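I opened the model and kept notes on what I looked up, entry by entry.

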Amino acid sequence: MNRTAMRASQKDFENSMNQVKLLKKDPGNEVKLKLYALYKQATEGPCNMPKPGVFDLINKAKWDAWNALGSLPKEAARQNYVDLVSSLSPSLESSSQVEPGTDRKSTGFETLVVTSEDGITKIMFNRPKKKNAINTEMYHEIMRALKAASKDDSIITVLTGNGDYYSSGNDLTNFTDIPPGGVEEKAENSAVLLREFVGCFIDFPKPLIAVVNGPAVGISVTLLGLFDAVYASDRATFHTPFSHLGQSPEGCSSYTFPKIMSPAKATEMLIFGKKLTAGEACAQGLVTEVFPDSTFQKEVWTRLKAFAKLPPNAVRISKEVIRKREREKLHTVNAEECNVLQGRWLSDECTNAVVNFLSRKSKL
Ligand SMILES: CCCC/C=C/CC(=O)SCCNC(=O)CCNC(=O)[C@H](O)C(C)(C)COP(=O)(O)OP(=O)(O)OC[C@H]1O[C@@H](n2cnc3c(N)ncnc32)[C@H](O)[C@@H]1OP(=O)(O)O
């Protein structure tokens, strides 16, 4: 069953309430508080009770648990309640794919693996044979996964890649699927898609962390300027060969990169296509920290799990405070970059570069 994409019905919710009564084992106070909070959120919405006094320990703990859910929508709370109950009583739900002790994995994605565990939603690019190139389906699936993650009960969201690459950027075969309106229509559709896609990163309400497991190219690099932290393996490289491809910067990088790394360093990357090692990208401020590849996954996930234990409301509010004053500017930059790219995609320079790649005449 697709836990993230599907919404639990009122009937599922009522079944889950009954299942709680049938639990053979006491799930413990922490889980009971979580169930209480999700139940209240699902039935009444955000916490609307006055805060109990410090000595009213039980009611204070219940209030804290409910209040911690912030503005989580009722439907999401209902789904989380159903998921939590089914993880406590797997034998009671025959159709559940949720095994105790394993990640909650969302099916319904062709190009991603999306899991949610320990307060972290992980969105993993999953086209390893194509170096995780982002095809049109993947753009749509990433947007869908981000929208679901923004509403689930995770504290942080992580993007990473399966296989040896983080991502090789835009799938160049995207350009071969020409609609009846011809290349102009294709360029226009692509600009609309890109604008919406980058907009999802600008507006994402929780800390967004990139776990860059290997080389990153094109849009998978530029987007990093919109992330809240970027952890990289020392195998990772960062390459934006836009001029070589007859294209121009996107992902708001024309604004974020000069701010992050100085205008001249941004020029070297975005105009001259200089490829940075992970160490260089860290020295420029694009990467937060670099880890040896042999210990990368272990060290990063230990750290992320600790971050995900922080108070959810404080984390979310802090992200909003940081993003708020830049949001409008970022949307303006995004719109401008998409406009410029729409023209670039129709240029001979771009067409030749794509044809050369597709006919195996050139690689980066
Ligand atoms: C609609 C929104 C548009 C937003 C625009 C964004 C701009 C960008 O992102 S620009 C960056 C575009 N990316 C590239 O130019 C990378 C092109 N790929 C390469 O140069 C090389 O594949 C590589 C250096 C990434 C890896 O080389 P390597 O020799 O190790 O492996 P390959 O044999 O080349 O790759 C395996 C397999 O994967 C296919 N592939 C890899 N990357 C892409 C890609 N970006 N687009 C399409 N296909 C890609 C490659 O063709 C191979 O496929 P086959 O096994 O079928 O031959």
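**A proline in a loop**

I began with P52, which is buried at a relative accessible area of 17%; the cut-off for buried is under 20%. The model is a predicted one. I found P52 in the loop that runs between α2 and α3. Setting aside residues up to four places away in sequence, I listed N59, K60 and W63 as the residues that P52 touches. I also took the C-alpha separation of P52 and A210, which is 39 Å for 158 residues along the chain.

**Helix α2**

I turned to α2, which has 16 residues. From its first C-alpha to its last, α2 reaches 22 Å, and 22 Å is expected at 1.5 Å a residue. I noted L35, A37, L38, K40, Q41 and A42 as the buried residues of α2. These buried residues pack against α1, α3 (57-67) and α4. Just after α2, I came to G45, where phi is positive at about 90°.

**Helix α4**

Next I checked α4, which covers residues 74-88. Its 15 residues should span 21 Å at 1.5 Å a residue, and I found its end C-alpha atoms 21 Å apart, which agrees. Is α4 enclosed or open? I counted eleven of its 15 residues as buried, so α4 is largely enclosed by the rest of the structure. The buried set runs through A76, A77, R78, Q79, N80, Y81, V82, D83, L84, V85 and S86. I then looked up what the buried residues of α4 pack against: α1 (10-22), α2 (29-44), β1 (104-106) and α5 (136-151).

**T121 in β3**

I moved on to T121, which sits in strand β3 (residues 120-125). T121 is buried, its relative accessible area being 2%. Which side chain makes a polar contact with the side chain of T121? I found S154, at 3.2 Å. Beyond the neighbours within four places in sequence, T121 is in contact with V114, T115, S116, A149, D152, S154, I156, T157 and V158.

N132 lies in the loop between β3 and α5. I noted its relative accessibility as 0%, so N132 counts as buried.

S262 also went into the notebook, with a positive phi near 90° in a residue other than glycine. I placed S262 in the loop between α8 (253-261) and α9 (263-270). At 32% relative accessibility, S262 counts as partly exposed.

**The ligand**

I finished with the ligand. How many residues surround the ligand? I counted 24, and the closest are K130, S168, N170, L172 and K363. The shell divides into twelve nonpolar, five polar and seven charged residues.

I then went through some of the distances. K130 has a polar side-chain atom 2.6 Å from an oxygen atom of the ligand. For S168, a side-chain N or O atom is 2.8 Å from a nitrogen atom of the ligand. With N170 the backbone takes part: one of its polar backbone atoms is 2.8 Å from an oxygen atom of the ligand. Last, I noted that the ligand taken alone exposes 1,100 Å², of which the protein buries 81%.

Terms used. Residues numbered from 1 in each chain as written. Predicted model: local features only at pLDDT ≥ 70, side-chain atom pairs only at ≥ 80, totals over all residues. Heavy atoms only, no water. Helix = DSSP H or I, 4+ residues; strand = E, 2+ residues; numbered from the N terminus. Expected span 1.5 Å × (residues − 1). Buried < 20%, exposed > 50% of the residue type's maximum accessible area, 1.4 Å probe, protein only. Contact = heavy atoms within 4.5 Å. Polar contact = N/O pair within 3.5 Å; in protein donor to acceptor, adjacent residues only side chain to side chain. Near = heavy atom within 4 Å. Areas by Shrake-Rupley, 256 points an atom, 1.4 Å probe, with all protein chains shown as cover. Nonpolar A, V, L, I, M, F, W, Y, C, P; charged D, E, K, R; others polar.
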